[in-house]
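Dear colleague,

Please find the structure below, followed by a short account of what was found in it.

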Amino acid sequence: MPEISRRQFAVYLVAVVLVVVLGGRALRADVGGALPGTGPAGAFGAAAEPGPSPTPPGATGATGPGVEMGADETPVLVHVAGAVARPGVYELPGDARIRDAVEEAGGGRKGADLDALNLAAKISDGQQVLVRRHAPAGASPAGA
């Protein structure tokens, strides 16, 4: 059996670790409710621990542990991106609102400008919800 150099060993070791980490993330994303490879952090994003997000009183429509879709609700896929805790693609009931999609993605991060979104608007299949950050103080609005 031929010997391998330390450099070759290091490359093989990195490859094995990468396969194990990506496989674990794909499994966690699948269990967490998002599509494999697209969910909370995607196949190459930073790891995010899946878990239930707090839901304010009166909030309805988000799927997750213990929340079931009614027989008449056709699920839709929505891509939540930007200043949220866990960007990704999520499956929600057809009557869900923008607020539900943002909550499913873990809520807005520090500095998120949620007032720029109509949180009461209904989502549609294939929609992207982009949560922007507040503009820095003294910055003029875009296009001005």
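**Findings**

Arg99 is partly exposed, with a relative accessible area of 30%; partly exposed lies between buried (under 20% relative accessible area) and exposed (over 50%), with a 1.4 Å probe and protein chains only. This is a predicted model, in which local features need pLDDT of at least 70 and side-chain atom pairs count only at pLDDT 80 or more, while totals for chains, interfaces and linings use all residues. Residues are numbered from 1 along each chain as its sequence is written, and side-chain values use heavy atoms, leaving out hydrogens and water.

The side chain of Arg99 meets that of Asp100 in a salt bridge at 3.8 Å, N to O (a side-chain nitrogen of Lys or Arg within 4 Å of a carboxyl oxygen of Asp or Glu). The structure holds one salt bridge. Asp100 counts as buried, at 1% relative accessibility.

Leaving aside neighbours within four places in sequence, Ile123 is in contact (heavy atoms within 4.5 Å) with Val76, Val78, Leu92, Gly94, Ala96, Arg97 and Ile98.

Val11, in helix 1 (residues 6-31), counts as exposed at 51% relative accessibility.

Yours sincerely

Terms used
Helix = DSSP H or I, 4+ residues; strand = E, 2+ residues; numbered from the N terminus.
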